[in-house]
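Let us take a friendly walk through this protein, from a few individual residues out to the whole chain. Have the structure open beside you as you read.

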Amino acid sequence: MIQFLLAAPRSGSGKTTMTCALLMALKRRGYTPCAFKSGPDYIDPMFHRAVLGVESHNLDLFFSPPETVRALYAKGASGHGAAVCEGAMGFYDGLGGVSDKASAWHLADTLGLPVLLVVEPKGQSLTLAAELRGLDGFRTPSHLAGILLNNCTARMHALLAPMLEAETGLPVLGFLPKLPEAVIGSRHLGLYTAAEVEDLQKKLAALAAAAEEQIDWPRLLALCEKEPPALSGQAETPPARVRIAVAQDEAFCFTYAETLEALRDAGAEPVFFSPLRDASLPEKVGGLYLPGGYPELYAQALSENKTMRASIRQAVNAGLPTAAECGGFLYLGQSLEDTEGKSWPMAGVLPGAGVRAGRLVRFGYAILTAKRDSMLFRAGETLPVHEFHHWDSTENGDAFTAAKANGRQWACGFANAHLYAGFPHLYWAGTPLPKRFAAAAEHYIKETS
C-alpha cells in the first residue's frame with residue numbers, strides 16, 4: 001500500500017495544492033486513494049473530498065491519544081490502495097507554536113509514515129539545502145523520505161535537484177510548475193471552500209496533469225510502499241435507533257467526518273438539512289446538530305428564512321437535544337452582524353449578538369472543563385477543543401472554563417440537560433459525547449411520542 005505524509009517547512013508552501021495533485025494522479029493510476037488531514041482544519045479535507053469523492057478524515061494528536069489516531073487511520077485507510085496525509089503549518093509546529101506535540105512530525109512519528117517535504121525554492125538555492133538538513137536532523141527519526149519542489153520551473157528543478165540530493169541525501173522526486181489557472185483563493189479562515197471554487201475540477205485536472213508529467217513516480221512509489229495499517233476488530237455500525245438533524249450547506253460546512261461516523265456508531269442517523277433553503281427541520285428527529293461554518297457570509301439569507309428560524313427556536317425551546325458549535329452557536333443567538341456591518345435577526349434561542357471582531361478571537365487549542373452536569377458533559381470533565389473565528393458574541397456563556405497551555409482562561413458556553421452551545425469546536429470521536437447525544441435524542445423521542 002502507498003502511504004505518506006506531505007509536510008512543509010512553513011505554511012504557504014503549497015501543501016494542499018501538492019496533495020490534491022498527487023491524490024488526483026494516484027486516482028488516475030488506479031490506487032483508489034484516501035486522504036487525511038493533520039490537525040483541526042475543516043477546509044483542506046473539503047478539497048480532498050472534491051478530488052476523491054469520498055470522505056477525508058482529520059487526525060489530531062491534541063484531540064485524541066495515539067491509539068485512537070492509529071485506529072482512525074487504519075479504519076479510514078482500509079480498502080484503499082493509497083493513503084495520503086496532509087500536514088499542517090510547518091513540519092514541527094505543534095501545540096502553542098513551541099512544541100512538536102500534534103505537529104505533522106508527531107503524526108508521522110505516531111503512524112510510522114514516510115514524509116515528503118513540499119518546498120518552494122523562492123529566493124534560496126544552497127541555503128535551502130542547509131535549511132533542509134536542519135529539518136532532517138532536528139528530531140530522530142525525522143521520517144523525511146523525499147523532497148517535492150512547488151512553484152518551480154523545469155530549469156530551476158534541473159539546477160537544484162542534483163545539489164539538494166548531494167547536500168541533504170534526500171531524493172528530489174519532482175516538481176509542480178507555477179499554474180496560474182489552478183490557483184485557489186483565500187479569505188479570513190483560509191482557502192475558499194471547495195464548493196465555492198469556480199471550475200474546481202478543471203483546476204484539479206491541471207494539477208494532476210502536471211504531477212503526471214513532472215513527478216518521478218517510480219521513485220516516489222518505491223519510497224512510500226508500506227504494509228497496510230493493522231485494522232483492529234471493528235464492530236459493524238448498529239441499526240439506527242434515532243434520527244439527528246445535521247445542518248449542512250454553505251453556511252454550516254465545518255463537520256468532521258469522524259463525528260458523523262461516531263454518531264452512527266452510537267445508533268444515530270444523521271439527517272441533513274439546510275438552514276438556508278429548507279422551510280423547517282426534518283420530521284421525526286430526536287436531536288439537532290448545528291456545526292460551524294460561515295453564517296456571517298449568509299446572515300441575510302439565514303435571517304430571511306423565517307420559517308426555519310421559527311422551527312429551530314420552537315424545537316430547541318421545547319427541549320430538542322441540541323449541539324451548536326461556533327457558527328451554529330452564532331445562529332442560535334439573537335442577531336448576527338454580516339461582513340458589511342449590518343445586523344440580522346437569528347434564531348433567538350440564546351442571549352447575545354454575533355459581532356465582527358476584525359481579528360482572530362481566542363484562536364487555537366484549549367482544554368474545556370465543565371462546571372456542571374449537562375447533556376454532553378459531567379461536572380469536572382475535560383475535553384480538548386479548538387477555536388477559529390473572526391466573529392464574537394456579546395454573551396458567550398459561563399457553563400465551562402476554557403484554558404490554553406499558556407495559562408490563559410475564560411468562561412464560555414451554554415449547557416443544560418438538552419443543550420451544548422458555544423464557540424469551541426468539539427471533536428467527538430473517541431469520547432463519550434456521541435453515546436450521550438444519541439441517548440438524549442432517544443429519550444426525547446420516547447417522551448414526546
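Met 89 sits in the loop that runs between strand β4 (82-86) and helix α4 (104-111). Please keep in mind that this is a predicted model. The phi angle of Met 89 is near 55°, a positive value in a residue other than glycine. With a relative accessible area of 45%, Met 89 is partly exposed, because that figure falls between the cut-offs of 20% and 50%.

Asn 151 also deserves a look: its phi is positive, about 50°, although it is not a glycine. Asn 151 belongs to the loop between β6 and α6 (154-168), and it counts as partly exposed at 29% relative accessibility.

## A cis peptide bond

The peptide bond leading from Thr 140 to Pro 141 is cis, and its omega is near -5°. Pro 141 is located in the loop between α5 (126-138) and β6 (144-150).

Where does the side chain of Lys 37 find its polar partners? One partner is the side chain of Glu 86, with a polar contact at 3.4 Å. Another is the backbone oxygen of Gly 87, which the Lys 37 side chain reaches at 2.7 Å.

Lys 37 is part of strand β2 (residues 33-38). Its relative accessibility is 3%, which is under 20%, so Lys 37 counts as buried. Beyond its neighbours within four places in sequence, the residues in contact with Lys 37 include Asp 44, Pro 45, His 48, Asn 58 and Leu 59, as well as Ala 88.

Gln 3 is found in strand β1 (residues 2-7) and is buried, with a relative accessible area of 1%. Its side chain reaches the backbone oxygen of Glu 227 at 2.8 Å.

Leaving out neighbours within four places in sequence, Gln 3 has contacts that include Tyr 73, Ala 83, Leu 113 and Pro 114, together with Cys 224, Lys 226, Pro 228 and Pro 229.

## Ala 379 in a loop

Ala 379 lies in the loop joining β17 (364-370) to β18 (382-387). It is partly exposed, with a relative accessible area of 45%. Setting aside neighbours within four places in sequence, Ala 379 touches Ala 370, Lys 371, Arg 372 and Asp 373. The C-alpha atoms of Ala 379 and Ala 88 are 33 Å apart, and the two residues are 291 positions apart along the chain.

## The whole protein

Now step back to the overall fold. The protein has 13 helices and 24 strands. Its radius of gyration is 23 Å, close to the 22 Å that the globule rule gives for 449 residues, so the protein is as compact as a globular protein of that length. The C-alpha atoms fill a box of roughly 70 × 50 × 45 Å along the principal axes.

Of the 449 residues, 59% count as buried. Among contacts with a separation of 6 or more, 75% are between residues 24 or more positions apart. The protein exposes about 17900 Å², with carbon and sulfur atoms supplying 52% of that area. As for charge, the mean positions of the 40 positive and 46 negative charges are 2 Å apart.

Technical notes
Residues are numbered from 1 along each chain as its sequence is written. This is a predicted model: local features need pLDDT of at least 70, side-chain atom pairs count only at pLDDT 80 or more; totals for chains, interfaces and linings use all residues. Side-chain values use heavy atoms; hydrogens and water are left out. Helices (H or I, at least four residues) and strands (E, at least two) are DSSP runs, numbered from the N terminus. The radius of gyration is taken over C-alpha atoms; the globule rule is 2.2 Å times the number of residues to the power 0.38. Buried means under 20% relative accessible area, exposed over 50%, partly exposed in between (1.4 Å probe, protein chains only). Contact means heavy atoms within 4.5 Å. Accessible areas come from the Shrake-Rupley method with a 1.4 Å probe; for residues, only the protein chains shown count as cover. Lys and Arg count as positive and Asp and Glu as negative; His and the chain ends are not counted. The place of a charge is taken as NZ of Lys, CZ of Arg, CG of Asp or CD of Glu. A polar contact is a pair of N or O atoms within 3.5 Å; within protein, one must be able to donate a hydrogen and the other to accept it, and residues adjacent in sequence count only if both atoms are side-chain atoms.
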